[in-house]
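Me: I'd like to learn how to read strands, helices and ring pairs in a model. Can you walk me through one?

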Amino acid sequence: MRRTPVMVGAMAAAAMMLAACSQGSQTASSDESTLDYIGDEAAVLPQLEAAAAVTEEATGLQFAPRTVQSTENYQQVIRSSLTSASTPDLLKWWNGYRLQELARSDGLLDITAQWDEAVANGWLDDSTRDAFSYDGSVYAMPFDANYWVVYYNKQIYADLGLEVPTTWEQFTANADAIAEEDITPFFATIDGGWTSFIWFEELLSKTDPQLYIDLTSGDAEYTDPEVREVMELWLEMYESDYFTPADTPWADEPSMLASGNVAMTVAGAWRNGSFVEAGLTEDDYGAFVMPVIEDGTPPSVISESGIIAAASGGDQTEDAADWLLNLVSPDAQSAALEESQGMSPTVEVTPPNPVLDTVSADVAENEYQVLTRYWEASPPALVEGNVQDLAAFMADPSEGAIDSTLSAMADRSETEWANWNDGE
C-alpha cells in the first residue's frame, strides 16, 4: 500500500505513543500496577473502563488506555511494534484471521490457561474457542459479542403500516413502500474504508451461508455464477434507489435513523450504543436479522467479537493474563454492557437493552447458523484489498462493474491465499 506523507506522520506519532505506553508500564504504587492498553477507537473506551474498574477491585491492576483513531494506521503500528521494545501490555484487535496473523508471528501471549479457567467458571462457552485461537492455543479474550442486524425506525414502519419482515419478499416490499414516500430505505456507505463489505456479506450469507463460508475460506471463487447473482441482486437494489449515497458519512448513521431520513440500517450490536446516545428508545427503533433470500435457505447471522490480547513482549505478561481472565467475569461484563448497550460473550450476562435482547432470543430459539464477519473471515490482505473493490462498485454500481469487481477480487484471492499458506 502506498503511504502518503500524512499517513507516515500519523504512524510515527502512533509509534511514539506506543513507546510512551511501554515506558509507562511500571508499578504505580507499592501494591498496584498499571497495564497500558492501546486501541484504534475511543468509542469502546467507556465500556472497557467500566470493566476495568471492576477488574481493578479483583486484581489491583490499573488500566491506562491510549487510542489511535485511524484504524489503518493503528494496524500498521501494532504489527511493527509487537517485535519492538515499545510494545503495550494490552491491545485491541480482531478475531479470526486477523488474530492468527499476529499470533503466528509470536507477538501475542498464550492465554490458554486463562481461557480454560473462564470456561471452568462458567463464564465462556468453549464452543467459541477457535475464534480466539491459533494452532491450538488461545491468544485473546472477547470483550463483547455482536450479531449483525437490521435496525429500523418504528415510527416509519407504523406510519406506513409495515411489519417486521420474516421473508425476503416482505423485506423488499417494505423497502419499496418506504421509497415511495421519498424516504431512503437503507443506510449504506463506503466511509471509513471498511464499511463496503457490510451489504456484500449480508446478501451473500442470506443467499447461501455455505457459499459464504466457502468463499471466505478460499474454497469457492469470486467469479462463480452464484456470487455474480449476489452482485446482480445488490445492483437491482441500487437501481431501486434503496441506498444512501456512497459517500454518506458513517458518523451520520445514528442521527439519520433517529430523524427518519433513513428507515433501516445494517450494523453490529456494538453500534447500538450510538443509537441510544442519539436519543432512541425501544419505542423508537427495533432490530431484526435480515431474512433469507430464498425459502428453505438455512437462517444465519453474521457475528463478530472485539478482542483484547496481551503482547508476549510486554513488561507485565502475568498481570496482563490475569486482567484478561477477569475481563470476562460476569461483574465486569455487566458493567461494560451498561456503557455499551451491546452484547456480551459471557454466558450468564444478557443484553440490558431490550432491542438486542429480542434479537438474541430469536437467534437462540430459531437456531441460526452463526457466521464470522467478512472482515475477520479471510486473510487480512485479501479483505483489505477487496473492500476497496467493493467500495468502487458502490460508488458507481453498474452491470459492467460487477465483472470487473469480481475479477479483481478473484485474482487477489488466489494471490493472498497462496501468500497466507506460504506463511504457515
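This is a predicted model: local features need pLDDT of at least 70, side-chain atom pairs count only at pLDDT 80 or more; totals for chains, interfaces and linings use all residues.

Me: In which sense do β4 and strand β13 pair, and over how many bridges?

Reply: β4 pairs with β13 (residues 306-310) in the antiparallel sense, over five bridges. To find your place, look at L91, which stands opposite A309 in β13.

Me: And how do I read the two faces of a strand?

Reply: In a regular strand the side chains alternate between the two faces of the sheet. In β4, L90, K92 and W94 are on one side, with L91 and W93 on the other. Both faces are covered, and five of the five residues of β4 are buried.

Me: On to the rings. How many aromatic pairs does the structure hold?

Reply: There are 31 aromatic pairs. Take Y74 and W93: the ring centres are 6.0 Å apart and the planes meet at 50 degrees, so this pair counts as tilted. Y74 belongs to helix α3 (residues 71-81) and W93 to strand β4 (residues 90-94), so the pair ties together parts 19 residues apart in sequence. Y74 and W93 are buried.

Me: Which pair is edge-to-face?

Reply: One of them is Y97 with W417, at 5.5 Å centre to centre and 85 degrees between the planes. Because Y97 lies in helix α4 (residues 97-103) and W417 in helix α18 (residues 399-422), this pair ties together parts that are 320 residues apart in sequence. Y97 and W417 are both buried.

Me: Where do R98 and R104 lie relative to rings?

Reply: R98 lies over the face of W375, 3.8 Å from the ring centre. R104 does likewise over W420, at 3.6 Å from that ring's centre.

Me: Now a helix. Which residues of α9 are buried?

Reply: In helix α9 (residues 209-216) they are P209, L211, Y212, L215 and T216. These cover an arc of only 160 degrees around the axis, which puts them on the same side of α9.

Me: What covers the buried residues of α9?

Reply: The cover includes α8 (197-207), α10 (225-239), β12 (300-304), β14 (369-372), α16 (374-377) and α18.

Me: And what should I look for at the ends of α9?

Reply: At the start, a side-chain oxygen of D208 reaches to within 3.0 Å of the backbone nitrogen of Q210. After α9 comes G218, with a positive phi near 90 degrees.

Note on methods:
Residues are numbered from 1 along each chain as its sequence is written. Side-chain values use heavy atoms; hydrogens and water are left out. Rings of Phe, Tyr and Trp (its six-membered ring) pair if their centres lie within 6.5 Å; planes under 30 degrees apart count as stacked, over 60 as edge-to-face and the rest as tilted. Helices (H or I, at least four residues) and strands (E, at least two) are DSSP runs, numbered from the N terminus. Buried means under 20% relative accessible area, exposed over 50%, partly exposed in between (1.4 Å probe, protein chains only). A charge sits over a ring if NZ of Lys or CZ of Arg is within 6 Å of the ring centre and within 35 degrees of the ring normal. The arc is that of the directions from the helix axis to the C-beta atoms. Contact means heavy atoms within 4.5 Å. A polar contact is a pair of N or O atoms within 3.5 Å; within protein, one must be able to donate a hydrogen and the other to accept it, and residues adjacent in sequence count only if both atoms are side-chain atoms. Two strands pair if DSSP finds at least two bridges between them.
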